Amino acid sequence: MKKIVAYFKETYDELVHKVSWPTYSELTSSAVVVLYASLLIAVVVFAMDFCFQHLMEFVYPH
């Protein structure tokens, strides 16, 4: 039981004193970067799908 208590104490100490948490501005900046990257990837995948669909319709007409 002592090992479990020690584990939680060490975990708490590390999270409170040793981890460097991002500031609010850093967090929002990173979130915006992730949002734009996700949108860009979605647009690229959509364009590839659109082109591939029309290529397949050209190769295999209905």
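Predicted model: local features only at pLDDT ≥ 70, side-chain atom pairs only at ≥ 80, totals over all residues.

Reader: How far apart are F46 and F50 in helix α2?

Author: They sit 4 residues apart in helix α2, which spans residues 24-59, so about one helical turn separates them. Helices here are DSSP runs of H or I with at least four residues, strands are E runs of at least two, and numbering goes from the N terminus.

Reader: And what kind of pair do the rings of F46 and F50 make?

Author: A stacked one, because the ring centres of F46 and F50 are 6.2 Å apart and their planes are at 25 degrees. Rings of Phe, Tyr and Trp (its six-membered ring) pair if their centres lie within 6.5 Å; planes under 30 degrees apart count as stacked, over 60 as edge-to-face and the rest as tilted.

Reader: Is F46 buried or exposed?

Author: F46 counts as exposed, at 55% relative accessibility. F50 has 43%, so F50 counts as partly exposed. The cut-offs: buried is under 20% relative accessible area, exposed is over 50%, and partly exposed is in between (1.4 Å probe, protein chains only).

Reader: How many aromatic pairs are there by this rule?

Author: The count comes to 2. Y7 and F8 form an edge-to-face pair, with 5.4 Å from centre to centre and 70 degrees between the planes. Both Y7 and F8 are exposed.

Reader: Okay, zooming out: how many helices and strands does the chain have?

Author: There are 2 helices and 0 strands. I4 lies in helix α1, residues 2-18, and counts as partly exposed because its relative accessibility is 46%.

Reader: What radius of gyration does the chain have?

Author: The chain has 24 Å, whereas a compact globule of 62 residues would be near 11 Å. That radius is taken over C-alpha atoms, and the globule rule is 2.2 Å times the number of residues to the power 0.38. The C-alpha atoms fill a box of roughly 70 × 35 × 10 Å along the principal axes. Buried residues make up 0% of the 62.

Reader: Which residues does the "transmembrane region" annotation cover?

Author: Residues 31-52, according to an unreviewed UniProt entry. Such annotations may be inferred rather than shown by experiment. In the model, that stretch is 100% helix and 0% strand, with its end C-alpha atoms 31 Å apart.

Reader: And how far apart in space are F46 and V19?

Author: They are 39 Å apart, C-alpha to C-alpha, and 27 residues apart in sequence.

Definitions and conventions
Residues numbered from 1 in each chain as written. Heavy atoms only, no water.
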